[in-house]
Amino acid sequence: MLSIIVAKAKNNVIGKNNQMLWHLSDDLKRFKQLTLNHTIIMGRKTFESLGRVLPNRKHIVFTQNPDFKVNNENVEVVHSLLQVQEYIESDEEVFVIGGAMIYHLLMPYVTKMYVTEIHKDFEGDTFFPKIDESVWKEISREKGPEDPENDFEYEYVIYEKN
Ligand SMILES: NC(=O)c1ccc[n+]([C@@H]2O[C@H](COP(=O)([O-])OP(=O)(O)OC[C@H]3O[C@@H](n4cnc5c(N)ncnc54)[C@H](OP(=O)(O)O)[C@@H]3O)[C@@H](O)[C@H]2O)c1
């Protein structure tokens, strides 16, 4: 099964100039807790913005470039949906970690979403798709702990497909 994990602003912004727009340490800790020892799927741009291979996670990286190679046994480069079919059908939870192009591409196959909703608008160039309430049901919502580095509130929201 595929699950999306994302942190998004009130206006659905998720990034700018191939970077994140906030540093939210509790959210990063949660990302690590949820994804550790799982497979994570991402676009080439997000992979490059990570700047490294995250420990104890298998990385699947989408690109259309047939020459794109990563010399690391924990990274598999894929070029088509067919190549991730096994992860869609798997009983194990596999995380789709972005960015926008990959969220759009895989959303129809995702059954659960872990969304950090930041209660502030940000100016950016990359957006999370609108969450269609006729498709997605909110199953939990929890306020994130106050963060001395940030002036906004945020919530951890979990959605499941209806
Ligand atoms: N807030 C969050 O939770 C969060 C999470 C992740 C990322 N982000 C942000 O999102 C931004 C990056 O998102 P993005 O949408 O620009 O890029 P992306 O989805 O990370 O990567 C896009 C790349 O994926 C490949 N790709 C896309 N569709 C494909 C397909 N159908 N088949 C094969 N390959 C495909 C292409 O690589 P090639 O060009 O190599 O062909 C494309 O350029 C950054 O600002 C990042 O910081 C935010």
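Student: Before we start, what makes a residue buried in this chat?

Tutor: A residue is buried if 20 or more other C-beta atoms lie within 10 Å of its own. Keep in mind that the model is predicted.

Student: OK, take Y154. Is Y154 buried or exposed?

Tutor: Y154 has 24 other C-beta atoms within 10 Å, so Y154 is buried. Y154 sits in strand β10.

Student: Which residues does Y154 touch, leaving out those up to four places away in sequence?

Tutor: L24, T116, E117, I118, H119 and G144.

Student: And where is Y154 relative to I41?

Tutor: Their C-alpha atoms are separated by 25 Å, and the two residues are 113 apart along the chain.

Student: Let's zoom out. How many helices and strands does the protein chain have?

Tutor: Four helices and ten strands. In sequence order the pattern is β-β-α-β-α-β-β-α-β-α-β-β-β-β. The radius of gyration is 15 Å, close to the 15 Å from the globule rule for 162 residues, so the chain is as compact as a globular protein of that length.

Student: What box do the C-alpha atoms fill?

Tutor: Roughly 40 × 35 × 30 Å, taken along the principal axes. Of the 162 residues, 29% count as buried.

Student: What share of the contacts comes from residues 24 or more positions apart?

Tutor: Among contacts with a separation of 6 or more, such residues account for 68%.

Student: Now the inside. Which residues have the most contacts within the largest nonpolar core?

Tutor: V6, I41, V96 and Y103, in a core of 34 residues. The elements that give two or more residues to this core include β1 (2–8), β3 (39–43), β6 (94–98), α4 (100–106) and β10 (154–161). β1 gives the largest share, five residues.

Student: Pick V96 for me. What does V96 touch, again skipping residues up to four places away in sequence?

Tutor: V96 touches L2, S3, I4, I41, I102, Y103, L106 and V110. Two of those names, I41 and Y103, are also on the list of residues with the most contacts inside the core.

Student: Switching to the ligand. Which residues come nearest?

Tutor: G15, G43, T46, G98 and G99, out of 27 residues around the ligand. The elements that give two or more residues to that shell are β1, β2, β3, α2 (44–50), β6 and α4.

Student: How do the shell residues divide into nonpolar, polar and charged?

Tutor: Twelve are nonpolar, 13 are polar and two are charged.

Student: You mentioned G98 and G99. What kind of peptide bond joins G98 and G99?

Tutor: A cis one, with omega of about -5°. G99 is in the loop between β6 and α4. As background, most peptide bonds are trans, and most residues other than glycine have a negative phi.

Student: Then which residues have a positive phi without being a glycine?

Tutor: N12 is one of them, with a phi of about 70°, and N17 is another, with about 50°. N12 lies in the loop between β1 and β2, while N17 is in the loop between β2 and α1 (25–35).

Conventions. Residues are numbered from 1 along each chain as its sequence is written. This is a predicted model: local features need pLDDT of at least 70, side-chain atom pairs count only at pLDDT 80 or more; totals for chains, interfaces and linings use all residues. The radius of gyration is taken over C-alpha atoms; the globule rule is 2.2 Å times the number of residues to the power 0.38. A residue is buried if 20 or more other C-beta atoms lie within 10 Å of its own, exposed if 12 or fewer, and partly exposed in between; C-beta atoms are placed from the backbone. Two residues are in contact if their C-beta atoms, placed from the backbone, lie within 7 Å. A nonpolar core is a set of buried Ala, Val, Leu, Ile, Met, Phe, Trp, Tyr and Cys residues joined through C-beta atoms within 7 Å. A residue is near a molecule or strand if its C-beta atom, placed from the backbone, lies within 6 Å of it. Ala, Val, Leu, Ile, Met, Phe, Trp, Tyr, Cys and Pro count as nonpolar, Asp, Glu, Lys and Arg as charged, and the others, Gly among them, as polar.
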